[in-house]
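Hi,

Here is the structure I said I would pass on. Have a look at it first, and my notes follow below.

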Amino acid sequence: MISSVVAAAVAFVFALLCTPLAIRALARLRAGQPIRDINPAAHQVKRGTPTMGGLVFIVGTVLAYMVGHLVMNVLPAEQIVPPGPTMTGFVLLGLMVFCGGIGFVDDFLKVTKKNTAGLSGRWKLALQLVIGTGFGVVALGFPSTAGLSVSSTRLSFVREISWLEVGQVGAVVVFIAVVMASTNAVNLTDGLDGLATGTSIIVLGAYGLISFWQYRHWCADPAAQAALCFDTRDPLETALIAGAAAGALLGFLWWNTSPARIIMGDTGSMALGGLIAGQAVATRTVLLLPILAALFVTITMSRIIQYTSFKTTGKRVFRMSPLHHHFELVGWHEVTIVTRFWIIAGAGVAAALGLFYGDHLSRLP
């Protein structure tokens with residue numbers, strides 16, 4: 001666990017110190033955020049704010065991961081883990097980088113064309129499908145020496161559900177669905193200063209706790225009790241990456257909170273969505289994700305409800321979607337919305353962690 005703490009600290013310092021450099025560099029490149037005319041009027045002051053800030057915490061996470069492994073390899077207490085980077089690390093960081101790459105293309109097109117069109121929705125979904133398929137196959141097709149793969153052919157809640165076998169093809173389909181849902185959910189949430197950043201810190205912090213608990217009760221440990229242990233592949237690896245990403249986001253939030261001096265852009269939101277999806281799969285908590293990421297789900301559902309209602313009845317349920325824009329038009333201050341939504345995110349995480357720990361208690365002799 002020391003390696004995870006060190007990685008989080010390294011990522012935090014990196015993002016805190018390097019984000020101002022990124023702000024100046026992006027400003028010189030005129031990489032300012034375009035704002036849609038239909039957005040609430042208060043958003044017009046954000047026009048021109050440097051975007052693509054997600055590059056900072058993506059690089060910070062990868063760098064901290066490497067530092068964490070250097071620490072891990074010299075700690076006797078953590079020698080139970082395989083030496084060097086693992087397939088789990090490759091899948092999680094790969095999802096973060098490649099999903100972030102989709103967002104980068106989208107942001108780049110917006111900046112160069114000076115409009116909000118960017119990459120078309122069809123292209124985004126097609127690229128997400130390709131990335132989900134590729135990493136889904138890798139996550140399932142390269143088991144460890146113990147026979148464990150990053151993903152599973154069984155659906156999972158707080159652990160694998162033995163009777164919910166979906167097979168190899170079904171496992172890849174589930175992987176794709178989780179990646180696409182998570183990526184677009186975080187992207188929709190990124191509409192107010194610090195909202196997606198703070199919410200992602202809360203969710204990734206929870207995955208850090210879950211992963212560490214799984215490591216403390218890992219079936220690979222000869223001292224672990226069979227009834228309590230977890231058959232995940234690399235729990236310390238998922239904890240390390242969750243800690244590194246949360247630390248990088250915390251440093252980034254210093255500059256991204258209202259009034260934001262930099263915006264993560266689709267580069268950052270899609271990277272975070274891919275990483276959170278990978279964490280859900282690797283920790284065997286796929287069906288727990290909607291509870292753990294309750295705010296992301298709520299905001300996504302508001303968009304679906306609004307679209308469905310308008311297409312079928314011609315009427316809008318909300319003044320504007322996603323949900324945070326509705327509350328802006330109601331008259332709530334941006335900071336009030338963000339703070340209250342963080343509370344909702346925290347409540348979802350608390351409920352999910354309660355279910356996770358409740359399962360452990362139910363298995364105690």
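**What turned up**

Let me start with a loop: Pro322 sits between helix 10 and helix 11 (323-330). Bear in mind throughout that this is a predicted model. The bond from Ser321 to Pro322 is a cis peptide, with omega at about 0°. There is another cis peptide bond between Ser258 and Pro259, where omega is about -5°. Pro259 belongs to the loop that runs between helix 7 and helix 8 (265-282).

Met52 has phi near 65°, which is positive although the residue is not glycine. You will find Met52 in the loop between helix 1 (2-28) and helix 2 (54-72). Its relative accessible area is 7%, so Met52 counts as buried, the cut-off being under 20%. Arg284 also is a residue other than glycine with a positive phi, near 60°. This one is in the loop between helix 8 and helix 9 (289-292). Is Arg284 buried or exposed? With a relative accessibility of 5%, Arg284 is buried.

Now the packing. The largest nonpolar core is made of 76 residues, and Phe57, Val91, Phe175, Leu204, Tyr207 and Ile276 have the most contacts inside it. Helix 7 (residues 235-256) gives this core its largest share, twelve residues. A separate core has eleven residues, including Leu192, Leu295, Phe318 and Phe341. Going back to Phe57, and leaving aside residues up to four places away in sequence, its contacts are Met96, Ala248, Leu249, Phe252, Met264, Gly268 and Leu272. In soluble globular proteins, nonpolar side chains tend to be buried together.

Val297 is located in helix 10 (residues 294-313).

Last, the strands. Strand 1 (residues 154-156) pairs with strand 2 (residues 160-165) in the antiparallel sense, over two bridges. A hairpin of three residues links strand 1 to strand 2. Across the pair, Arg154 is opposite Glu165 of strand 2.

Cheers

Conventions: Residues numbered from 1 in each chain as written. Predicted model: local features only at pLDDT ≥ 70, side-chain atom pairs only at ≥ 80, totals over all residues. Heavy atoms only, no water. Pairing = 2+ DSSP bridges. Helix = DSSP H or I, 4+ residues; strand = E, 2+ residues; numbered from the N terminus. Core = buried A, V, L, I, M, F, W, Y, C linked by side-chain atoms within 4.5 Å. Buried < 20%, exposed > 50% of the residue type's maximum accessible area, 1.4 Å probe, protein only. Contact = heavy atoms within 4.5 Å.
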